[in-house]
Amino acid sequence: MDFQTKVYRNDTSGLYLWVSYIKPMVDIETVARSIFPYLFHRPFSSLEDIRQALPIDDAYISSDPNDVKAKLLEGYLFVRLHETDETGLLIKAQKTLERTLTIPEVEFSVVGPKESFIESLETNLYLLRKRIPIDRLTVKMTRVGTLSKTKVAVVYIDGIANPDNVQTVLQRIEQVEFDEMIDSSYIVQIISDNRHSPFPQLLDTERPDRVAAVLAEGKVAIMVDGSPHVLIGPTTLVEFFSSFEDYFLNWTIASFFRLIRLFSVTFSILITPIYVATLNYHYELIPKDLLGTLITSRREIPFPPILEVLFLELTIELLREAGARLPTKVGQTIGIVGGIVIGTASVEAGLTSNVLLILVALAALASFTTPVYKIGNTIRLMRFPFILFAEMWGLLGVAFCFCIVMTHLLYLTSLGRPFLAPLYPPRWRDLKDAFIRLPFTSQSKRPETLRTEQPIRFNRKKAKEKRDIDE
Amino acid sequence: MASVAERLQVSPFMTFFVIVSMQIGVGVLGFQRVIAKTAGHDAWISVLLAGASSHLILIVLYWLLQQADGDFLLLHQRLFGRWVGGALSSLLALYFAAMAFVVLRTYIEVIQVWMFPDLKTWEFSLAFLFLCLYITVGGFRVVVGIYFFCLIIPSYLLFTFWFVLDYTDFYQLLPILDHPPSTIVKAAKQMTLTMLGYETILLFYPFIKRGNQSAKWAHAALLTTTLFYALLTVLTLAYFSEKQLQRQIWPTLTMWKMVELPFIERFEYIGIANWLLIILPNVCLGLWCSSRICKQLFPVRQKTALLVIAAICFFSTLLIHDRKEVDFVNTILNRVGFYFLYIWIPCLAGITYIVKKVRGNV
């Protein structure tokens, strides 16, 4: 039984105290150091005296049994003067054990701050507030989950964020019906606009600097206690391909890397279907010299291209899944064994061609360039319908599947805002931070898609200085 | 009836994309032969004439829309009464549905000749119509999104005509205007099938925010298409000799054979695959317009009407078997479109004007 009630006697005044608490939740050191000396050695005649004498700020007198129950479960002490009293003093003595602040694992950046969120909501709010030390940073707390009673904080900057966006988020979180809310990704899946789509509609990040930057743009952040990932919305498709490191580099370099990333994603999705399509139906498309290499590489393969491709794609997926489940030491060996040995051996055995191996490996590598983990999964999934359509109708099938994907993207919304902005509906000004990143002096307006209340960030004329020659 | 919720409307700039994309359809692949047969190397003048006339018709269309407060079907009803007006509107619905199915069938024929001779018509038609249903069920905003992307993404095909320039001889265009004007006008009439598409503005006008400001974008769209077609005609006439041109059913596709890239040998496959993106919005808007008219005339939901019309289109594509029949339906659609736009619309405008004078307001 971890719920304990002990009787203590105060030395000075002679009163007895009944102290109740739930042992695992209470920090014994705090209690011994900061609470018991005041309880047992200071003179007092009522609970109010104790409250005023204690150095703990969160202490109050309560007689509501539900409140007492909830607070006991959180790790408060309940002090009463008589055993049958209903009124008592609740004193905060929670045990706070959490991870130390570490570097972000998923969104690591070479330059820039290396702090990442941890599981405790208080620390996360601290990390955020120290980056936006203004009073308009509003935090709305609520509890979600009937069993877990998880604290969820909706954060936005009042006066910049559009009240409609905030209202949508708050309303949807109110309506969540779930029992055990473990992580922010549960919330994403429940409050997303289009639950059945493989595309994520809310961005999740573990960097406080990213959250601070997007809050300044006018977005809304959702923080969940127990989850190091913070959700940001409304978001658009192009944001899933922008890493936060782009903002730390020079804009020309950053734009170049973004374009490479976009190209690699397109390459990753389309290269294997094009391989299947051209080898099955359109071998006249390939120039003669390349055709020679391809035919030589496929000379001994007993399978049609589609089976080769599916075999290799599934092998790579198996490797990835296995590598994710194995403990680190074993995982490295298996990764090398799987990658190199299986690949080389299958070429030498004549099961796959070496050209295809290179293409599939490159495509898999290219799919990992996405900075956000969730969209990387989507891209790997997208490849398979393209391959199937390419098998049916060749290049026409690829174009057809592309139309299907494009239509699906057109249907998606993120918190009610179109998902494909700034492409469609075209918001030309927002393109300054979509595929390329223009320098900070050009970014004087907030994104139009968010419909913020205050679109101007800073005075553009002051930011740019004009100098004549030799002045 | 004509007011549509603001969240379903699109900005007037989108009118440009809708009209350009609607006009550039499957006709681009083969229109040059038809007009060159009549007007010879002066065919480009016919194109410009057809374009100029389309501007005039668009002005009349906008005037009619403003008289009817954005609801064209209401105009039919007010002028001719409920039954006759309803019959006229249903003919319009039939016309749009026919447009959708003719475009689809012509494209399938192109695929069957150039890419996959044993592609079954019903397979592709079924899949394509399912895709169109998926798009149109999303509403007008999704349809316009498709228009936008399906114009921007294939626009790189314009650069492929650079490769043809090496083989052109612009002196073939001279002497200018040595054909009698009647032939040039006749060729302009034949050109109108390719230029058709902007009559759909009659149906989607209520879906444009600040509709009266969309006129400038619509005219810009017509100008762009006219210039594009004129340039393409000039290029075709300079590349092919007249007799050669008469033997090509799809001169544009033949011109794509000239494209030489280091990693692609036969570019026309890529061109035809991209052409799917160009005709997709045409079929979608045909289905959408047709089902919307049905929704306003009969007590059916737009989704039901859409399904029925898509099914009718599917079965119609199965009925057309070879080149002659495709040609035949294309010619009929051309005639109907021409009579609708160039004869019926001006008559309607005249009647509206008279009625307005007499009654004071339509």
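This is a predicted model: local features need pLDDT of at least 70, side-chain atom pairs count only at pLDDT 80 or more; totals for chains, interfaces and linings use all residues.
Reader: In what order do the strands of the open sheet in chain A run?

Author: The sheet in chain A is built from 5 strands with antiparallel pairing. Its edges are strand E1 (3-9) and strand E3 (59-62), each of which pairs on one side only. Neighbouring strands are turned by 25° against each other on average, direction ignored. The order is E1-E2-E4-E5-E3.

Reader: Which residue is the bridge partner of Phe78(A) in E5(A)?

Author: Strand E4 (residues 76-80) and strand E5 (residues 88-92) of chain A pair in the antiparallel sense over 4 bridges. In E5(A), the partner of Phe78(A) is Leu90(A).

Reader: At about what angle to E4(A) does helix H3 of chain A run?

Author: Helix H1 (residues 28-41) of chain A packs on the sheet, and its direction makes about 10° with that of E4(A). Helix H3 (residues 65-74) of chain A lies across E2, E3, E4 and E5 of chain A. The angle of H3 to E4(A) is about 130°.

Reader: What radius of gyration does chain B have?

Author: Chain B has 14 helices and 0 strands, and its C-alpha trace spans about 60 × 45 × 35 Å along the principal axes. For 362 residues, a compact globule would have a radius near 21 Å, so the value for chain B agrees with that expectation. That value is 20 Å.

Reader: How many nonpolar residues are on the side of chain A that touches chain B?

Author: The contact takes 18 residues from chain A and 25 residues from chain B. On the chain A side, 2 residues are polar and 1 is charged. The nonpolar residues there number 15.

How values were computed
Residues are numbered from 1 along each chain as its sequence is written. Chains are lettered from A and ligands numbered from 1 in the order in which they are written. Helices (H or I, at least four residues) and strands (E, at least two) are DSSP runs, numbered from the N terminus. The radius of gyration is taken over C-alpha atoms; the globule rule is 2.2 Å times the number of residues to the power 0.38. Two residues are in contact if their C-beta atoms, placed from the backbone, lie within 7 Å. Ala, Val, Leu, Ile, Met, Phe, Trp, Tyr, Cys and Pro count as nonpolar, Asp, Glu, Lys and Arg as charged, and the others, Gly among them, as polar. Two strands pair if DSSP finds at least two bridges between them. Axes are lines fitted to C-alpha atoms, for helices over the stretch in contact, and angles run from 0 to 180 degrees between N-to-C directions.
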